[in-house]
Amino acid sequence: MLENLKNFDPEVADAVKNELKREREGAELIASENFVSRAVLETMGTVLTNKYSEGYPNKRYYAGNEFIDITEQLAINRAKQLFGAEHVNVQPHAGSQANMAAYMAILNPGDKILGMDLAHGGHLTHGSKVNFSGKLYKFSAYGVNPDNCMLDMDEVARIALEEKPKMLLAGFSAYPREIDFARFRKIADEVSNVTGQGCYLMADVAHIAGLIAAKIHSDPIPVCDIVTTTTHKTLRGPRGAIIMCKEEDRFKHIFDPDGKKNLARKIDSAVFPGMQGGPLDHMIAAKAVAFKEALQPDFVEYQKQVVKNASMLAETLMENDVDVVSGGTDNHLILIDLTKNNLGGKEVELALDKAHIFTNKNMIPFDKRSPFDPSGIRIGTPALTTRGFKEDEMAIIGESIAKVLRCINDPSAIEEVRQEILSLCKDFPLYPDMEY
């Protein structure tokens with residue numbers, strides 16, 4: 001009980017040490033990753049991990065939760081303040097669980113949902129046939145316009161009125177443009193008026209939650225019935241998720257006329273006991289810390305820089321003859337189209353990895369290649385912005401990516417890029433006082 005990690009388990013300690021070295025010495029461009037603060041890291045490693053606390057603050061199934069109640073209520077209150085939400089559940093372990101609970105709260109197996117096509121930027125939980133969502137619910141999909149790879153909201157409306165879903169889902173995993181949540185609300189209302197049965201609007205904002213909190217992206221909270229998000233990515237918190245919703249169910253008179261649960265209670269019941277058991281109390285406390293960080297004025301400046309950096313990176317890539325899906329970005333995320341390079345995403349991901357530029361292969365709209373070796377690379381700027389990178393550094397990163405694409409079969413050129421990245425990263429130390 002008293003031995004530290006290094007002494008007791010040097011194999012794990014070495015893996016952790018080497019991961020810290022990897023993070024320090026590379027350009028982290030995976031759009032869904034970020035670097036948390038020392039305060040968030042510290043909270044995740046506290047004795048809060050020892051506690052069981054099934055239930056909610058002041059309504060637990062175990063004794064001894066007086067301090068756990070404090071941290072969870074802080075997380076709830078701060079998330080409400082940060083997003084302007086009426087109700088927040090901070091217990092979901094991950095974004096997938098948050099989406100599962102949201103569906104369970106208001107839908108029955110077999111109900112219709114209209115979401116974004118996975119191949120066009122959607123998420124596994126938006127109806128993939130290998131995922132619980134595609135197995136339990138009847139999904140249909142909208143996609144992007146083939147001419148500009150952007151959402152055509154008139155086409156979304158057409159599909160919605162044709163499919164008549166019980167839920168319209170807005171959100172993405174790989175879409176570099178701003179979402180018009182207000183228009184999604186109008187479409188959901190049109191479906192409700194036509195069917196007379198109601199159409200819920202849900203937003204999955206896992207990627208753009210930080211931008212929304214900083215008010216530099218359109219806001220789903222006023223117009224959506226339910227909003228889910230992870231707490232890492234642009235929010236820069238611990239791995240986990242939350243669900244935000246209206247207190248009242250706008251369609252209760254249709255779907256649950258005799259029920260006693262409002263929408264908030266339905267969400268809470270779907271999380272526990274419906275989908276999860278004991279929450280991860282150390283992670284919930286870390287969420288509370290991250291939300292406090294996000295309430296500070298410098299968080300807004302950080303998010304603005306994230307977008308500036310993404311814009312500069314996209315411009316630099318295009319100036320170096322690299323195709324960017326939709327011709328740019330409005331948020332933190334960029335999709336590189338490798339079609340004209342005659343390269344696969346898997347090959348490019350590995351080459352960039354050797355150059356210490358960390359990315360992930362990704363499908364692009366209308367991709368003709370396999371999801372296991374698609375035609376795209378997805379990149380994002382949250383992590384490097386956290387380290388202090390600004391436009392000048394992002395221009396260097398863009399030129400480095402272009403060089404790897406041009407010289408993918410030249411080990412010496414890739415080594416030159418690696419040395420440039422190592423030199424650049426030394427100017428922006430990560431966790432400089434941390435040792436293992």
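Lys-340 and Asp-321 meet through their side chains in a salt bridge, 2.7 Å from N to O; the term covers a side-chain nitrogen of Lys or Arg within 4 Å of a carboxyl oxygen of Asp or Glu. Lys-340 lies in the loop between strand E12 (333-337) and helix H14 (345-354), and Asp-321 in the loop between helix H13 (297-319) and strand E11 (323-324), so the pair ties together parts that are 19 residues apart in sequence. Helices (H or I, at least four residues) and strands (E, at least two) are DSSP runs, numbered from the N terminus. Lys-340 counts as partly exposed at 42% relative accessibility, while Asp-321 counts as exposed at 52%. For these labels, buried is under 20% relative accessible area, exposed is over 50%, and partly exposed is in between (1.4 Å probe, protein chains only).

A word on the model: it is predicted, so local features need pLDDT of at least 70 and side-chain atom pairs count only at pLDDT 80 or more, whereas totals for chains, interfaces and linings use all residues. Residues are numbered from 1 along each chain as its sequence is written, and side-chain values use heavy atoms, with hydrogens and water left out.

Back to the charges. The whole structure holds 23 salt bridges, and here are some of them:

| Salt bridge | N to O distance |
|---|---|
| Lys-340 and Asp-321 | 2.7 Å |
| Asp-69 and Arg-60 | 2.7 Å |
| Glu-416 and Lys-403 | 2.8 Å |

Glu-416 is partly exposed at 44% relative accessibility, but Lys-403 is buried at 18%.

Leaving aside residues up to four places away in sequence, Ser-400 touches Ile-357, Val-417, Glu-420 and Ile-421, where contact means heavy atoms within 4.5 Å.

Now for the rings. There are 10 aromatic pairs, counted when rings of Phe, Tyr and Trp (its six-membered ring) have centres within 6.5 Å; planes under 30 degrees apart are stacked, over 60 edge-to-face, and the rest tilted. Tyr-103 and Phe-132 make a tilted pair, 6.1 Å centre to centre with 45° between the planes. That pair links distant parts of the chain: Tyr-103 is in helix H5 (residues 95-106) and Phe-132 in helix H6 (residues 132-136), 29 residues apart. Tyr-103 is buried at 0% relative accessible area, and Phe-132 counts as buried at 18%. Tyr-103 also pairs edge-to-face with Tyr-137, at 5.5 Å centre to centre and 75° between the planes. Tyr-137 sits in the loop between H6 and strand E6 (138-142), 34 residues from Tyr-103, and is buried at 6%. Ring pairs link Tyr-103, Phe-132, Tyr-137 and Phe-139 into a cluster.

Charges meet rings too. The charged end of Arg-236 sits over the ring of Tyr-302, 3.9 Å from its centre, and that of Arg-22 over the ring of Phe-358, 4.6 Å from its centre. The rule here is NZ of Lys or CZ of Arg within 6 Å of the ring centre and within 35 degrees of the ring normal.
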